[in-house]
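Please read the points below with the model open beside you.

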Amino acid sequence: MRNIDLHLHTVDSDGFGSFEQLIQDCETNQVDSIALTNHDTLGLNRWNHYRKYAASKGIDLLFPGSEVSVLYRREGLPLMSFDILCYGWKLDHPDFHALQRRGIEADFGHYQRQLDSMLGSGHGI
């Protein structure tokens with residue numbers, strides 16, 4: 001049986017160690033496959049290093065991930081803040097490169113429409 005952790009952070013976010021320390025912890029705890037989900041960043045300038053380093057230690061870095069911070073405003077409700085785990089970014093997609101150049105900026109109008117739709121369908125937050 002494989003041990004997988006799809007929600008991990010480094011000091012580039014709110015984790016406690018470097019990527020190399022994270023991999024060492026994975027080795028210690030026999031975690032075979034991971035997704036790095038730092039807040040509001042992908043660390044693309046280090047992605048190839050991360051993947052190669054993890055592989056050299058026998059750990060599969062599955063796909064690019066991020067924990068995207070979202071603010072939600074709806075009339076009659078207090079401002080809400082939450083995070084969405086996002087996986088499998090298509091790093092070669094032109095829209096992704098434009099997003100990365102700006103930094104990951106939430107389109108709050110888009111998220112508000114999505115959440116309004118979810119709430120309207122009877123789903124809670």
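1. A residue is called buried when its relative accessible area is under 20%, exposed when it is over 50%, and partly exposed in between, with a 1.4 Å probe and protein chains only. By this rule Phe19 is buried, and Tyr50 is buried too.

2. Please keep in mind that this is a predicted model, in which local features need pLDDT of at least 70 and side-chain atom pairs count only at pLDDT 80 or more, while totals for chains, interfaces and linings use all residues. Residues are numbered from 1 along each chain as its sequence is written, and side-chain values use heavy atoms, with hydrogens and water left out.

3. Helices (H or I, at least four residues) and strands (E, at least two) are DSSP runs numbered from the N terminus, and two strands pair if DSSP finds at least two bridges between them. On these terms there is an open sheet of three strands, ordered E1-E2-E3 and paired in parallel. At its edges lie strand E1 (4-8) and strand E3 (60-61), each of which pairs on one side only.

4. Strand E2 (residues 33-36) joins E3 in the parallel sense over two bridges, and Leu61 in E3 is the bridge partner of Ile34. Helix H1 (residues 19-28) packs on the sheet and touches E1, E2 and E3, where contact means heavy atoms within 4.5 Å. The direction of H1 makes about 150° with that of E2; axes are lines fitted to C-alpha atoms, for helices over the stretch in contact, and angles run from 0 to 180 degrees between N-to-C directions.

5. Which kind of aromatic pair do Phe19 and Tyr50 form? Rings of Phe, Tyr and Trp (its six-membered ring) pair if their centres lie within 6.5 Å, and planes under 30 degrees apart count as stacked, over 60 as edge-to-face and the rest as tilted. A search of the whole structure finds two aromatic pairs. Phe19 and Tyr50 form a stacked one, at 4.1 Å centre to centre with 25° between the planes. This pair links distant parts of the chain, since Phe19 is in helix H1 and Tyr50 in helix H2 (residues 47-56), 31 residues apart.

6. Phe63 and Tyr87 form an edge-to-face pair, with 5.5 Å centre to centre and 75° between the planes. Phe63 lies in the loop between E3 and strand E4 (65-72), and Tyr87 in strand E5 (residues 80-87). Phe63 is partly exposed, with a relative accessible area of 27%, and Tyr87 is partly exposed at 35%.
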